[in-house]
Amino acid sequence: MLEKLAGKKIIFKMNTDPIADYLTRIRNANSAGHKVVSIPSSNLKKEMTKILFDQGYILSYKFDNSSVQGSIKIALKYDSYTKDPVIRKLERISKPGLRKYSDSKELPRVLNGLGVAIVSTSKGLMTGKNAKQSNLGGEVICYVY
């Protein structure tokens with residue numbers, strides 16, 4: 001077995017935090033000025049993408065299921081005058097090593113209401129504002145502003 005593998009290059013792609021990878025890919029594409037970014041798909045990432053679209057942070061998205069895992073193609077949004085990205089900052093809050101949970105009364109306001117907190121609740125992924133209105137707490141995934 002080892003003789004067969006001796007001359008071959010083996011690459012193991014193991015991602016311990018797929019949400020951080022999702023946010024980093026968007027952040028990197030924004031800073032490079034790309035129009036479209038492709039991200040490996042999962043149900044959680046699809047829901048996050050829908051929230052970003054509903055809140056006006058991205059231009060459009062498309063779910064591509066041609067491969068086994070599938071991918072998400074996200075068209076990034078830029079300011080028409082200054083050409084600056086609409087997403088100023090993506091910040092991961094709850095990490096695999098330290099989960100951050102919040103009660104419905106203590107959900108954070110991001111940038112005094114100008115930003116969005118994405119929260120994982122028992123009813124699914126939603127913004128912090130929607131979770132507070134529904135009287136639901138949960139894990140604070142990230143801040144977007």
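**Close-up 1. Strand β3 in this predicted model.** Strand β3 covers residues 71-76. Five of its six residues are buried, so the strand is largely enclosed by the rest of the structure. The cut-off for buried is under 20% relative accessible area.

**Close-up 2. β3 paired with strand β1.** Strand β1 spans residues 36-40. β1 and β3 run antiparallel and are joined by five bridges.

**Close-up 3. β3 paired with strand β2, and the turn between them.** Strand β2 takes in residues 58-64. Its pairing with β3 is antiparallel too, over six bridges. Serine 60 has alanine 75 of β3 as its bridge partner. β2 and β3 make a hairpin, with six residues between the two strands. Glycine 70 sits in the turn. The phi angle of glycine 70 is positive, at about 85°.

**Close-up 4. An aromatic cluster of Phe53, Tyr61 and Phe63.** These three residues form one cluster. Two aromatic pairs are counted.

**Close-up 5. Exposure of the ring residues, and a lysine over one ring.** Phenylalanine 53 has a relative accessible area of 35%, so it counts as partly exposed. Tyrosine 61 is partly exposed as well, at 28%. For phenylalanine 63 the value is 26%, again partly exposed. Lysine 46 lies over the face of phenylalanine 63. The distance from lysine 46 to the ring centre is 5.4 Å.

**Close-up 6. The largest pocket.** The space in this pocket comes to about 320 Å³. Its lining is made up of 16 residues. Nearest the pocket centre are Gly113, Gly115, Val116, Gly128 and Lys129. Two elements give two or more residues to the lining: β6 (116-121) and α4 (128-133). Helix α4 supplies the largest share, four residues. Sorted by class, the lining holds seven nonpolar, six polar and three charged residues.

Terms used. Residues are numbered from 1 along each chain as its sequence is written. This is a predicted model: local features need pLDDT of at least 70, side-chain atom pairs count only at pLDDT 80 or more; totals for chains, interfaces and linings use all residues. Side-chain values use heavy atoms; hydrogens and water are left out. Rings of Phe, Tyr and Trp (its six-membered ring) pair if their centres lie within 6.5 Å; planes under 30 degrees apart count as stacked, over 60 as edge-to-face and the rest as tilted. Buried means under 20% relative accessible area, exposed over 50%, partly exposed in between (1.4 Å probe, protein chains only). A charge sits over a ring if NZ of Lys or CZ of Arg is within 6 Å of the ring centre and within 35 degrees of the ring normal. On a 1 Å grid over the protein atoms alone, a cavity is a set of points where a 1.4 Å probe fits but cannot get out, and a pocket is an open set with protein on both sides within 12 Å along at least five of seven lines; lining residues have an atom within 4 Å of a point. Grid points are joined across faces, edges and corners, and a volume is the space filled by probe spheres set on the points. Ala, Val, Leu, Ile, Met, Phe, Trp, Tyr, Cys and Pro count as nonpolar, Asp, Glu, Lys and Arg as charged, and the others, Gly among them, as polar. Two strands pair if DSSP finds at least two bridges between them.
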